[in-house]
Structure formats: C-alpha cells, structure tokens
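Hi,

Here is the structure I said I would pass on. Have a look at it first, and my notes follow below.

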Amino acid sequence: MSWEDEEKEKGMTRRDWVRFGMAAGALGALGGLGGLVTGQLLPPPLQFTGEIRETIQYTKFPPTDPTADLWWNPRAGTPVKAKDFDKEWKGATGVWRGLFQNNQWIPGTGYPCLIIRIKRESTYFTEPPASAVPAKLPEGFKLYFDDPTLDPANNGTRIIVLFDRCVHLCCYPGWHVINNPPPDRGYVVTPPTYAVFGENPVYCICHGSQYDPMLLIVETNPKNDALYVGAERVHGPAPRALPVIPVKSQGGILVGGLADPAWYIYC
Ligand code: FES
C-alpha cells in the first residue's frame, strides 16, 4: 500500500494537507488584513504550534500481508529506541524530521524511513571507507547505529536507517511487510541478506526493486550529481542505491543527522 493510501487511512491525504496548508495560509493573510481593515469581521489567524523532531518516531503501517508482524504499529508516534530491536532482522517504519502538533505526527511531513536491525558481522557487511563517504557527517553521527554491548549474545546490535522512497518512481519500499508475491530472485548483485542469511532484502512491491541493507555503497544522485551512501540495489528496475539516514543514539533513542540534503532530493 502506498504512502498516500496510508495517509488516506489516517483520514488526511497529502493533497488534503496541502489544501489545508493553503487554506491556513490564506486565512492567516486575511486575518492580518482583517486586523488592519475590518476589525472583528474576520476570524483571527490560525495559530500553528508544532515542532520538527530530529528523533526518529514510529509510524503506523497499514495491515498488508497477514503473515507480516507489524509489531511497531501500537508504538506509532513514539521515539524509536535501539533496544526495541531485540532480534536480528527486526524492522519498522518511521519518520525523521516529522512535524508534530499536539504530540501527533502530521502525515506527509518529514522523511519516511525504514529502521532495520541487520546482522552485526564483518564478512558480508560492506561499507565505504571513511575517506570515501562523500559528505561530512554531523558530529557524533555514523552511517548506522552500532553497539557491541547491546545484545552481546548476537555480537551486538547494528541498525541501518534508510530513506523510504524508492529511487525508481518514489514508492515506499518495505521491510518484510509484503511477502506475497515474494520478491523475484533474479538478482543483479548477490544480496547476502538473502543468499547467506535467508532474509528478504528491502522490497518495493510497486515494480519489484530490492535493496540490500548489508551492502552500503557510494552512488550518484542523477538529479543533482550528489554522491551519497545507500543500500545497494540488488534487483531493478531501481537503477541505484537507497540512501541511508545517518544516526546516533541519544539516551537510547535514535536520532537522524543530515549529511547532505541532496542525498534525498529525487522525488
Ligand atoms: S517505485 Fe519502487 S520499484 Fe518502482
């Protein structure tokens, strides 16, 4: 199901929100005019009080495949904690830099993201050397969360956060939320997530693209020529990697960090 469908289910589509924003803007302008010219005749300007949250917050995912475990849905609107990912390959949907009003996320705002705990190992996991990362990450941020002391029985915890807009036509790829039809196995790059660990990669049901969160590589965003780090595409039609969102932990809560906005500008 698309993001737009999800928004509809919440009662407000992106179009509705844009309309609301325009109406609010118009009312605000008129209210200002009313204050000058007509006194009490027009309603007062709408007061907007909201905040953009740098912490990553869970978002609700609509029911899809009955075999999918949407464990995070009851947590929608609350911050994502690293320790919530108490099993390897556990994933969730969230939003970074979402606009919240009265503690409620305003659908359509912020960067939708996938939060995925991968296996913490070094045989198959790949990432660019620090010298090849094409932007300076903000202080304290890394390309992924990595803590050897969290779940030491599994060699620690490693969590990747990906921008959840497909580089093909901007659908919303999912992590283990749609298993039927299963992802096609005609891979252009062998994905260790599937080939070694038996887990489906990130899967965009719209046209079948897949991305492997164990393979971080540097690619070019053709919209602006920006180099970025992303999860390698292992099945088309997507032509390139899905950008990561750098993260850090703040008191156990995952916070996103902006390396370069150009990484995400393509939809
Ligand atoms: S939009 Fe994702 S495969 Fe086409």
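**What I found**

Let's start with a strand pair: E10 (210-221) and E11 (226-235) run antiparallel to each other and are joined by nine bridges. (Strands, E, are DSSP runs of at least two residues and helices, H or I, are runs of at least four, both numbered from the N terminus; two strands pair if DSSP finds at least two bridges between them.) Within this pair, Asp212 sits opposite Glu232 of E11.

Before going further, two things about the model. Residue numbers start from 1 along each chain, following the sequence as written. It is a predicted model, so local features need pLDDT of at least 70 and side-chain atom pairs count only at pLDDT 80 or more, while totals for chains, interfaces and linings use all residues.

E10 and E11 belong to an open sheet of four strands, in the order E9-E10-E11-E12, with antiparallel pairing. Its edge strands are E9 and E12 (242-243), each of which pairs on one side only. Overall, the protein chain has three helices and 14 strands.

Another pair to look at is E13 (residues 247-250) with E14, which are antiparallel and joined by four bridges. Val247 has Gly256 in E14 as its bridge partner. Two residues lie between the strands of this hairpin, and Gly251 takes a positive phi near 60° there.

Now for the inside. Of the 267 residues in the protein chain, 35% count as buried. (Buried means 20 or more other C-beta atoms within 10 Å of a residue's own, exposed means 12 or fewer, and partly exposed is in between, with C-beta atoms placed from the backbone.) The largest nonpolar core holds 53 residues, and those with the most contacts inside it are Cys113, Ile115, Val161, Leu162, Ala231 and Val244. (Such a core is a set of buried Ala, Val, Leu, Ile, Met, Phe, Trp, Tyr and Cys residues joined through C-beta atoms within 7 Å.) Among the elements that give it two or more residues are E3 (91-96), E6 (111-118), E8 (157-163), E10 and E11. E6 gives the most, with six residues.

Leaving aside residues up to four places away in sequence, Val244 touches Leu143, Tyr144, Ile160, Val161, Leu162, Leu216, Val229, Gly230 and Ala231. (A contact means that two C-beta atoms, placed from the backbone, lie within 7 Å.) Across the protein chain, 64% of the contacts with a separation of 6 or more are between residues 24 or more positions apart.

Most residues other than glycine have a negative phi, and most peptide bonds are trans. Which peptide bond has omega near 5°? The one from Asn180 to Pro181, which is cis; Pro181 is in the loop between E8 and helix H3 (192-195). The bond from Gly236 to Pro237 is cis too, with omega near 10°, and Pro237 is in the loop between E11 and E12.

Asn102 is in the loop between E4 (98-101) and E5 (104-105), and is exposed, with 7 other C-beta atoms within 10 Å. Asp151 lies in the loop between E7 (145-147) and E8; this residue is partly exposed, with 19 other C-beta atoms within 10 Å.

Cheers
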